Amino acid sequence: MASPQKSHSKIALCALLQSDALAQALAEQLQTYSSAEGDDRFVLTQFQQESDFLQFLQQRHASVDCLIVEGVSALSNLFHTLQAQSILIPTLVLNTQSPEASPLTPSTDNIAAVAERSPQATLYHTAVLQVDGTNLSHVGDFVEEAIANFLNLSGTVSLSCETIPGIISALNVQRSLMKQQQRLAEKLKERLGYLGVYYKRNPAHFLRHMNELERQELLAQLGADYRHIILHYFANDDDLNQSIDSFVNLAFFADVPVAQIVEIHMNLMDEFSQQLKLEGRSEEILLDYRLTLIDTLAHLCEMYRRSIPRES
């Protein structure tokens with residue numbers, strides 16, 4: 001295993017490559033790419049054994065910015081393991097097999113076929129990027145594209161699970177995704193000196209462009225997240241700001257109108273009001289939660305303010 005260099009602003013790559021030739025080619029091409037760009041932008045840690053790779057990610061996944069894996073037959077099992085552990089990271093798959101033999105069956109009409117075309121790859125996440133591993137001359141660009149895809153990945157999860165453990169697992173995956181997106185975006189902002197790809201929202205993910213089912217799922221997710229914020233707002237919860245940031249990230253990338261957020265708040269207050277009446281308790285306590293709405297909207301306003309490119 002190569003020892004990673006310590007640099008907060010470098011893009012940390014973690015590779016699982018069984019082929020020595022592929023591992024050597026990757027290291028050489030990343031060095032060539034960095035030299036051409038005039039900086040040493042990547043730090044690479046490589047593994048040959050899946051067990052070592054998984055152990056490293058279990059301990060250090062929060063500091064890894066992109067995975068690079070060889071397109072082997074057991075790849076779907078690896079993706080399933082990572083997704084089950086809520087370890088969500090931008091991922092680049094290097095396919096060295098023929099399209100017919102590839103475990104993810106990428107499209108042959110594009111060297112950078114997105115994994116949304118492969119049901120197996122979605123065991124992990126739909127921003128997985130597949131490329132031709134026999135030609136790594138543009139590997140630096142592919143890494144950056146994989147990161148861009150990941151940062152634009154929708155934070156919504158399916159709420160169609162039939163069991164409580166299934167719903168909890170889906171919510172854990174969503175929270176892990178948003179946390180990793182935010183961490184990676186902050187690193188890119190520091191490195192690039194501007195907000196860059198983080199704020200390149202995909203209009204296809206906007207609420208107004210969703211079909212009815214997607215819209216219902218998104219609003220249900222926002223409602224559940226906002227309920228969590230309300231219930232913990234006046235408690236001693238160290239993760240409250242993270243919860244608000246996650247809610248705001250989801251609303252921002254889906255371009256959810258402020259009026260919709262106010263409606264979510266009012267509906268929740270109406271629900272709590274009815275419960276308090278049934279219990280014979282005063283509703284005045286609900287007035288305090290206006291602070292929650294103001295705080296959340298302030299976070300959202302800050303998100304939009306920061307998304308406006310700064311003048312040089």
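This is a predicted model: local features need pLDDT of at least 70, side-chain atom pairs count only at pLDDT 80 or more; totals for chains, interfaces and linings use all residues.
Residues are numbered from 1 along each chain as its sequence is written, and side-chain values use heavy atoms, without hydrogens and water. Local features need pLDDT of at least 70, side-chain atom pairs count only at pLDDT 80 or more, and totals for chains, interfaces and linings use all residues.

Start with helices H2 and H3. Helices here are DSSP runs (H or I, at least four residues), numbered from the N terminus. H2 spans residues 50–60 and H3 residues 75–84. Their axes lie 12 Å apart, at an angle of about 20°. Axes are lines fitted to C-alpha atoms over the stretch in contact, and angles run from 0 to 180 degrees between N-to-C directions. So H2 is roughly parallel to H3 (angles under 35 degrees count as roughly parallel, over 145 as roughly antiparallel, 65 to 115 as roughly perpendicular and the rest as oblique). Contact means heavy atoms within 4.5 Å. H2 gives Glu50, Phe53, Leu54 and Leu57, while H3 gives Leu78, Thr81 and Leu82.

Ring pairs link Phe53 with Phe47 and Phe56. Rings of Phe, Tyr and Trp (its six-membered ring) pair if their centres lie within 6.5 Å; planes under 30 degrees apart count as stacked, over 60 as edge-to-face and the rest as tilted.

The structure holds six aromatic pairs. One of them joins Tyr226 and Phe247. This pair is tilted, with 5.5 Å centre to centre and 45° between the planes. Tyr226 sits in H6 (residues 212–232) and Phe247 in H7 (residues 240–253), so the pair ties together parts 21 residues apart in sequence. Tyr226 is buried, at 0% relative accessible area. Phe247 is buried too, at 1%. Buried means under 20% relative accessible area, exposed over 50%, partly exposed in between (1.4 Å probe, protein chains only).

Next come Phe234 and Tyr289. Their pair is edge-to-face, with 5.2 Å centre to centre and 70° between the planes. Phe234 lies in the loop between H6 and H7, and Tyr289 in the loop between H8 (258–278) and H9 (290–307), so the pair ties together parts 55 residues apart in sequence. Phe234 is partly exposed at 46%, whereas Tyr289 is buried at 15%.

Finally, look at H6 against H8. Their axes come within 10 Å and cross at roughly 60°. That makes H6 oblique to H8. Tyr226 is among the H6 residues that make the contact, and Phe272 is among those of H8.

Technical notes:
Helices (H or I, at least four residues) and strands (E, at least two) are DSSP runs, numbered from the N terminus.
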